[in-house]
Amino acid sequence: MSGLTISPHIVVAGTRRSWTREEKRAILDEAESTTASIWSVARRHGLTPSLLFRWRREA
């Protein structure tokens, strides 16, 4: 196939983010108070929706 370019995925070690309790609460409050989907709130903050759902369960 001509013109097909495959770019390798780059994994960077040590990129795991940590969130303070206040940051988690603010993101959860935003998700609860808006009409936007959980997915869009999660993506706006650089999270996966599954992490946001887990925070909600744990809260």
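The buried residues of helix α3 pack against α1 and α2; buried denotes under 20% relative accessible area, exposed over 50%, and partly exposed the range in between, with a 1.4 Å probe and protein chains only. Contact denotes heavy atoms within 4.5 Å. The model is predicted: local features need pLDDT of at least 70, side-chain atom pairs count only at pLDDT 80 or more, and totals for chains, interfaces and linings use all residues. Residues are numbered from 1 along each chain as its sequence is written, and side-chain values use heavy atoms, with hydrogens and water left out.

The protein chain contains three helices and zero strands, in the order α-α-α from the N terminus. Helices (H or I, at least four residues) and strands (E, at least two) are DSSP runs, numbered from the N terminus.

| α1 | 21–33 |
| α2 | 38–44 |
| α3 | 49–58 |

Of the 59 residues in the protein chain, 20% are buried. Among contacts between residues at least 6 apart in sequence, 35% join residues at least 24 apart.

In α3, the buried residues are P49, L51, L52 and W55. Viewed down the helix axis, these buried residues fall within an arc of 160 degrees, so they line one face of α3; the arc is taken from the directions from the helix axis to the C-beta atoms. On the other side of α3, S50, R57 and E58 are exposed.

The largest nonpolar core comprises 11 residues: W19, I27, L28, A31, I38, V41, A42, L47, L51, L52 and W55. Such a core is a set of buried Ala, Val, Leu, Ile, Met, Phe, Trp, Tyr and Cys residues joined through side-chain atoms within 4.5 Å. Helices α1, α2 and α3 are the elements that give two or more residues to this core. Leaving aside neighbours within four places in sequence, V41 is in contact with I27, E30, A31, T34, A36 and L52.

There is one aromatic pair, a term for rings of Phe, Tyr and Trp (its six-membered ring) with centres within 6.5 Å; planes under 30 degrees apart count as stacked, over 60 as edge-to-face and the rest as tilted. W19 and W55 form this edge-to-face pair, at 5.7 Å centre to centre and 70 degrees between the planes. The pair links distant parts of the chain, 36 residues apart: W19 lies in the segment before α1, and W55 in α3. Both W19 and W55 are buried.

T34 lies in the loop between α1 and α2. T34 counts as partly exposed because its relative accessibility is 29%.
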